Amino acid sequence: MPGNVLVAYGTTNGSTAQIAEAVAEVLRKEGLTATALPAGAVVDLTGYDAVVVGGGLYAGRWHKDARRFVRRHRRALAERPLWFFSSGPLDASASERDIPPVPGVRRAMTRLDVRGHVTFGGCLQEGAKGRIAKMIVRNGKGGDFRNFPEIEAWSARVAGELVAEGAKS
């Protein structure tokens with residue numbers, strides 16, 4: 001059974017890290033071993049049977065750590081069940097409709113045969129790092145648009161696929 005899952009993420013202000021931790025928690029509740037780690041801290045995928053990669057969206061691109069992780073580990077990722085998630089819209093749009101992956105993520109999905117992608121709402125609050133992020137918050141456009149029940153439901157579907165796959169082998 002593919003029981004050891006890595007949830008790697010790229011984040012600047014911690015919102016995507018919190019989503020990754022929520023994903024890992026659901027995977028654990030479903031009987032899998034799951035570890036959430038910053039994408040830049042992952043050296044090797046040996047020992048992981050499946051991978052979920054998440055990245056915060058910034059100006060229409062995935063966080064640089066998520067992009068670098070996918071590039072650096074592309075061979076190992078191609079050999080494992082793989083899912084992507086993005087976080088970023090600072091409005092309710094991610095909960096209202098399916099938001100397709102940004103072009104760079106879509107290209108990686110095709111190359112690596114990614115099993116699924118979802119875009120979750122983002123979070124940008126007081127104390128955010130970065131000039132643009134601070135300006136967004138100062139202009140009243142920030143907020144927390146993450147929908148944790150939606151994140152948990154998606155994570156449970158990922159776990160279900162892995163558990164079903166393990167039962168077949």
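Helices here are DSSP runs of H or I with at least four residues, strands are DSSP runs of E with at least two, and both are numbered from the N terminus. By that count the protein has seven helices and eight strands. Its radius of gyration, taken over C-alpha atoms, is 15 Å, close to the 15 Å that the globule rule gives for 169 residues, so the protein is as compact as a globular protein of that length. The globule rule is 2.2 Å times the number of residues to the power 0.38.

The model is predicted: local features need pLDDT of at least 70, side-chain atom pairs count only at pLDDT 80 or more, and totals for chains, interfaces and linings use all residues. Residues are numbered from 1 along each chain as its sequence is written, and side-chain values use heavy atoms, with hydrogens and water left out.

**Overall dimensions and surface**

The C-alpha trace spans about 55 × 30 × 25 Å along its principal axes. Buried means under 20% relative accessible area, exposed means over 50%, and partly exposed is in between, with a 1.4 Å probe and protein chains only. On this scale, 47% of the 169 residues count as buried. The protein exposes about 8,600 Å², and carbon and sulfur atoms supply 50% of that area. These areas come from the Shrake-Rupley method with a 1.4 Å probe; for residues, only the protein chains shown count as cover.

A contact means heavy atoms within 4.5 Å. Among contacts between residues at least 6 apart in sequence, 76% join residues at least 24 apart.

The protein carries 24 positive and 17 negative side chains, and the centres of the two sets lie 10 Å apart. Lys and Arg count as positive and Asp and Glu as negative, while His and the chain ends are not counted. Each charge is placed at NZ of Lys, CZ of Arg, CG of Asp or CD of Glu.

Helix α1 covers residues 15–29. Its 15 residues reach 21 Å from the first C-alpha to the last, close to the 21 Å expected at 1.5 Å a residue. The expected span is 1.5 Å times one less than the number of residues in the helix. Buried positions in α1 include S15, A20, V23 and L27. Just after α1, G31 takes a positive phi of about 95°.

A159 lies in helix α7 and is buried at 0% relative accessibility. Leaving aside residues up to four places away in sequence, A159 touches L27, E30 and L32. L27 is itself one of the buried residues of α1. A159 and R138 are 21 residues apart along the chain, and their C-alpha atoms are separated by 39 Å.

E165 is also placed in α7, which runs over residues 148–168. With a relative accessible area of 28%, E165 is partly exposed. Its C-alpha atom is separated by 9.9 Å from that of P81, 84 residues apart along the chain.

Most residues other than glycine have a negative phi.

L45 is in the loop between β2 (33–38) and β3. This residue is buried, with a relative accessible area of 2%. Not counting residues up to four places away in sequence, L45 touches L6, V51, F69, H73, A76, L77 and R80. The C-alpha atoms of L45 and I136 are separated by 36 Å, and the two residues are 91 residues apart along the chain.

I132 belongs to helix α6, residues 131–138. At 49% relative accessibility, I132 counts as partly exposed. From C-alpha to C-alpha, I132 and G122 are 15 Å apart in space, and they are ten residues apart in sequence.
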